[in-house]
Amino acid sequence: MSRPFRFGLNILTLDTGATWRRTCRRAEELGYDVLLVPDHLGRPAPFPALITAAEVTSRPRVGTFVLNAGFTHPALLAREVATTDTLTGGRLELGLGTGYVRAEHEKAGLPWGSPGERVDRLTRTVEELNRLLGDPDIAPRPAQQPGPPLLIGGNGPRMLRLAATHARTTAFSGVRQAAGRPEGTLELLSAEEVAESVTRYAGYEEAAGRTAPAERNILVQRVVVTGDRRAAAQELATQGLGLDAEQLLEAPTVLIGTPAEIAGQLHERRERFGFSYITVLDPVMEEFAPVIEEVRRG
């Protein structure tokens, strides 16, 4: 049986408290299931932003998408997580990753390390959070026991193994560092490359002996609502995303077409990749809403 769709909105911009609250309320009206905040310098601080989002809404869950494991010591992070989960009434979903922007860590005076060292750091964070949040003698206690559901995002083999072992939701980023371009500049993976990651991950889940597979998430990088898919793909292909127009039409991180066509793409990609939890970025909040309606009508 396919999982039902969930739709997340990754909210990147904080202008004023009033506009933040309006955005969150509007996202709930439009049918989004999860209100998300990333973890980058120059963006909103995740936990106070999520607490506010929960206070002005009633239905959506709230989540980090995703926290940089290197930004906070696990003991301090456990306190933040437990407090936020309590203040949001048990609506928190905790997303974790290694981080991918060296400059942010250097600006904060925090170690960066090799890819392997960053995965080691994330692994220790996950293990320590599990221990602390599951300890009945540690205060404060999260509203959800033994803690909020965990999302782990990434693409590499070690990240996928970690997610297969610990995560309720595995987030496939569908991007990589663009070769020869400034650090933090990303390009899209092709549908075939994403399929390879999904197949590899399924093997890790089987090896982990899970009783049930994790939910699978994809962050959609571009949404173009249009009646001419091919022309829109040709335009996107000029933007340095790493794929040509034909590849963009198939990439799971890109959605192009009418709302009905995009809804069809989501069904096809759920069948092919298992992606049932779809996250989009806040600039396309309104544009993507008719797609949510189409999916739910179907």
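In strand E12 (residues 254-257), Val-254 is the bridge partner of Arg-222. That bridge is one of four that join strand E11 (residues 222-225) to E12, and the two strands run parallel. Two strands count as paired if DSSP finds at least two bridges between them. The names come from DSSP runs too: helices (H or I) have at least four residues, strands (E) have at least two, and both are numbered from the N terminus.

Before we go on, keep in mind that this is a predicted model, in which local features need pLDDT of at least 70 and side-chain atom pairs count only at pLDDT 80 or more, while totals for chains, interfaces and linings use all residues. Residues are numbered from 1 along each chain as its sequence is written, and side-chain values use heavy atoms, with hydrogens and water left out.

Buried means under 20% relative accessible area, exposed means over 50%, and partly exposed is in between (1.4 Å probe, protein chains only). In a regular strand, side chains alternate between the two faces of the sheet.

Leaving aside residues up to four places away in sequence, Gln-265 touches Arg-229, Val-254, Leu-255 and Ile-256. Touching, or contact, means heavy atoms within 4.5 Å. Gln-265 and Val-254 are 11 residues apart in sequence and 9.8 Å apart in space, C-alpha to C-alpha. With a relative accessible area of 6%, Gln-265 is buried.

Now follow H10 (residues 259-273) to helix H11 (residues 285-297): their axes come within 8 Å and cross at roughly 60°. Those axes are lines fitted to C-alpha atoms, for helices over the stretch in contact, and the angles run from 0 to 180 degrees between N-to-C directions. The crossing of H10 and H11 is right-handed. In a right-handed crossing the near helix is turned clockwise from the far one by less than a right angle, and in a left-handed one anticlockwise. On the H10 side, the contact is made by Pro-259, Ala-260, Ile-262, Ala-263, Leu-266 and His-267, and on the H11 side by Phe-288, Pro-290, Val-291, Glu-294 and Val-295. These residues divide into nine nonpolar, one polar and one charged. For that count, Ala, Val, Leu, Ile, Met, Phe, Trp, Tyr, Cys and Pro are nonpolar, Asp, Glu, Lys and Arg are charged, and the others, Gly among them, are polar.

Next, look for strand E5 (residues 92-97). Why is it largely enclosed by the rest of the structure? Because six of its six residues are buried. Leu-92, Leu-94 and Leu-96 point one way, while Glu-93, Gly-95 and Gly-97 point the other. E5 has several parallel partners. Strand E3 (residues 61-64) pairs with E5 over two bridges, and here Gly-63 stands opposite Glu-93. Strand E4 (residues 67-68) also pairs with E5 over two bridges, with Asn-68 partnered by Gly-97. Then comes E6, which pairs with E5 over three bridges; its Leu-151 is the bridge partner of Gly-95.

One joins Phe-65 and Val-66, with omega about -15°, and Val-66 lies in the loop between E3 and E4. Another joins Gln-145 and Pro-146, with omega about 0°, and Pro-146 lies in the loop between H5 and E6. Most peptide bonds are trans.

Finally, E7 is the place of Thr-170, which counts as buried at 1% relative accessibility. Not counting residues up to four places away in sequence, Thr-170 touches Ile-152, Ala-163, Tyr-201, Ala-214, Glu-215, Arg-216 and Asn-217.
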